[in-house]
Amino acid sequence: MAFSVGKRMDQNTLVLEVNGNVDEDANFTPPDLGSSTNVALDLEAVTAINSVGIREWIKWVKTMPSSIQLSVRRCPKIIVDQINMVAGFLPAGTTIESFYVPYYADASGTEKMVLFKNGVEFKGSELFAPDSVKDDGGEEMEMDVIEAKYFKFLKNG
Amino acid sequence: MNGARKLDPKLRSEQIEVSAQSKDRVAPHCIGLANGLPPEQVLRLATELNYTHIIQKDGLDYAKELATTEVLIESPARFFDFPVHAVFAPTDQGPAIDQKFLIAKKEFTSSVQKREVLDLFGGAMNQRGVSQTLANDITLVADEMFTNAVFNAPFVDKATHHNANVSRTDVEVNFDKSRPGRMFMAADDTRVMVACEDPYGSLNLNGYLSKIKATYDRGAAATMNFGSGGAGIGSYIIFNTSASLFVGVKAGRATIIACLLPLALSNKKRSLLPKHLHWIQL
């Protein structure tokens, strides 16, 4: 899917909805933030990111003024993987509002993405994972990540 | 690492137990057998001690990997002639074996074909019911392989091995149509292969593997190229995402990069698999 950045207001937060493939074809013009001091990057619709995309993303987020309070929400696993892999993928002080965690059912081989929200499923670096996650057939699912690696970024925040 | 060399056809492979403490350089027919070795140590064995094949007993399909390794030591050219066959059915005969495992293939001569290739692979993965997270990983490695083949391979100076670092963002690259690159996907019951072949054979194998190791040692941010050209971490991403990596260079003729990922395993189990590594220089 082609890259685009949409804008909308969520109360006093400017939400930039990042869509599509973050790669060499993505147009990363610095966004017009107007007078907003709170900016949230909604990343749910990011479909893929490659190595050039990682680099261009880092250059793009660096254009955000330091006076902005930046947050990210609904980060898919492909983005969480980059946050953990590449120091500086998110500027220091970025608030993590929410991100997806994969769950897997061995019996059915199915997976499900569960949204972890700040203040609910995590607070700071502390996790409060759901007691039970089930697949569509009612089978119990397990968190499908190596916790020390996947949640490492929460400790660095 | 040595350059092109001829193997004594009478030599059979020799298996050597290796570890993080291994220090001796070896001959090309030696197979390093490891257990739970982290990726940077696997790369150290390859780049510093000359191991051309490092396989891990607790890695993906160890027995199949060993069988492939034995065949590739005896006949390394088979990797270039029939890469799918060499990996998935090394002891079977017959050129039709490649077709048995192949699930998608596409020749390419232009950078603008990347989306076409990735969509083809995406469709093949959907048909096989591959999980979304695995599909994302397959797409990622295919993307990196394609980009390397199109933007690096044609521009490496044959004499100096210098890479011109062509911009990815505002250049359309076209190959000679009579010498296309090709990407393919293949699978058996437990593994999926993503592979890319370019017709240039310009990859500096030592540099390629050393670069990956440098990223493990120093981190992605420290080794990233923030100038023009590639970001410099694509090969690291390929190895980091894979359970097994095969890199073959026939100087001036072909480079093939093929990786294996496990099917029907959870992400967690996939992440815990120690990696196999194979490099072939002809």
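In strand E2 of chain B, Cys30(B) is the bridge partner of Glu14(B). The model is predicted.

## The strands around E2 of chain B

Glu14(B) and Cys30(B) form one point of pairing between two strands. Strand E1 (residues 14-17) of chain B runs parallel to E2(B), and 4 bridges join them. E2(B) also pairs with strand E3 (residues 53-56) of chain B, again over 4 bridges and in the parallel sense. There, Gly32(B) has Ile54(B) as its bridge partner.

How many of the residues of E2(B) are buried? The count is 5 of the 5 in residues 30-34, so the strand is largely enclosed by the rest of the structure. Cys30(B), Gly32(B) and Ala34(B) cover one side, Ile31(B) and Leu33(B) the other, and all are buried.

Chain B as a whole has 11 helices and 9 strands. Of its 282 residues, 58% count as buried. Take the contacts in chain B with a separation of 6 or more: 66% of them join residues 24 or more positions apart.

Two packed helices are described by the angle between their axes and the distance between the axes. The table gives these values for two pairs.

| Helix pair | Axes come within | Crossing angle |
|---|---|---|
| H1(B) (residues 39-49) and H8(B) (residues 205-218) | 9 Å | roughly 150° |
| H7(B) (residues 132-151) and H10(B) (residues 234-241) | 9 Å | roughly 145° |

Start with H1(B) and H8(B), whose axes cross at roughly 150°. That angle makes H1(B) roughly antiparallel to H8(B). The crossing is left-handed. From H1(B), the residues that meet H8(B) are Pro39(B), Glu40(B), Leu43(B), Arg44(B), Ala46(B), Thr47(B) and Glu48(B). On the H8(B) side they meet Asn206(B), Leu209(B), Ser210(B), Ile212(B), Lys213(B), Tyr216(B) and Asp217(B). An α-helix has 3.6 residues a turn, so residues three or four places apart point the same way.

H7(B) and H10(B) also cross in the left-handed sense. H7(B) contributes Asp137(B), Leu140(B), Val141(B), Glu144(B), Met145(B) and Asn148(B) to the contact. H10(B) contributes Gly234(B), Ile237(B), Ile238(B) and Thr241(B).

Strand E3 (residues 38-42) of chain A is mostly covered, with 4 of its 5 residues buried.

Asn21(A) lies in E2 of chain A. Is Asn21(A) buried or exposed? Its relative accessibility is 7%, so Asn21(A) counts as buried. Beyond its neighbours within four places in sequence, Asn21(A) touches Met1(A), Ala2(A), Phe3(A), Ala26(A), Thr47(A) and Ala48(A), as well as Arg115(B).

Helix H1 (residues 51-61) of chain A has 10 of its 11 residues buried, so the helix is largely enclosed by the rest of the structure. Among the buried residues are Arg55(A), Glu56(A), Trp57(A) and Trp60(A). At the start of H1(A), a side-chain oxygen of Asn50(A) lies within 3.3 Å of the backbone nitrogen of Val52(A).

## An open sheet in chain A

Chain A also holds an open sheet of 4 strands, in the order E8-E7-E12-E11, with antiparallel pairing. E8 (110-117) and E11 (133-134) stand at the edges with a single partner strand each, so one side of each has no neighbour in the sheet. E11(A) is joined to E12(A) (residues 140-143) by 2 bridges, and the two run antiparallel. Val133(A) stands opposite Met141(A) there.

## Two residues with positive phi

Most residues other than glycine have a negative phi. Arg74(A), not a glycine, has a positive phi of about 55°. Arg74(A) sits in the loop between E5 and helix H2 (77-85) of chain A. With a relative accessible area of 29%, Arg74(A) is partly exposed.

In chain B, Asp61(B) is not a glycine but has a positive phi of about 45°. Its place is in the loop between E3 and helix H2 (62-74) of chain B. Asp61(B) counts as partly exposed, at 22% relative accessibility.

How values were computed: Residues are numbered from 1 along each chain as its sequence is written. Chains are lettered from A and ligands numbered from 1 in the order in which they are written. This is a predicted model: local features need pLDDT of at least 70, side-chain atom pairs count only at pLDDT 80 or more; totals for chains, interfaces and linings use all residues. Side-chain values use heavy atoms; hydrogens and water are left out. Buried means under 20% relative accessible area, exposed over 50%, partly exposed in between (1.4 Å probe, protein chains only). A polar contact is a pair of N or O atoms within 3.5 Å; within protein, one must be able to donate a hydrogen and the other to accept it, and residues adjacent in sequence count only if both atoms are side-chain atoms. Axes are lines fitted to C-alpha atoms, for helices over the stretch in contact, and angles run from 0 to 180 degrees between N-to-C directions. Angles under 35 degrees count as roughly parallel, over 145 as roughly antiparallel, 65 to 115 as roughly perpendicular and the rest as oblique. A crossing is left-handed if the near helix is turned anticlockwise from the far one by less than a right angle, and right-handed if clockwise. Contact means heavy atoms within 4.5 Å. Two strands pair if DSSP finds at least two bridges between them.
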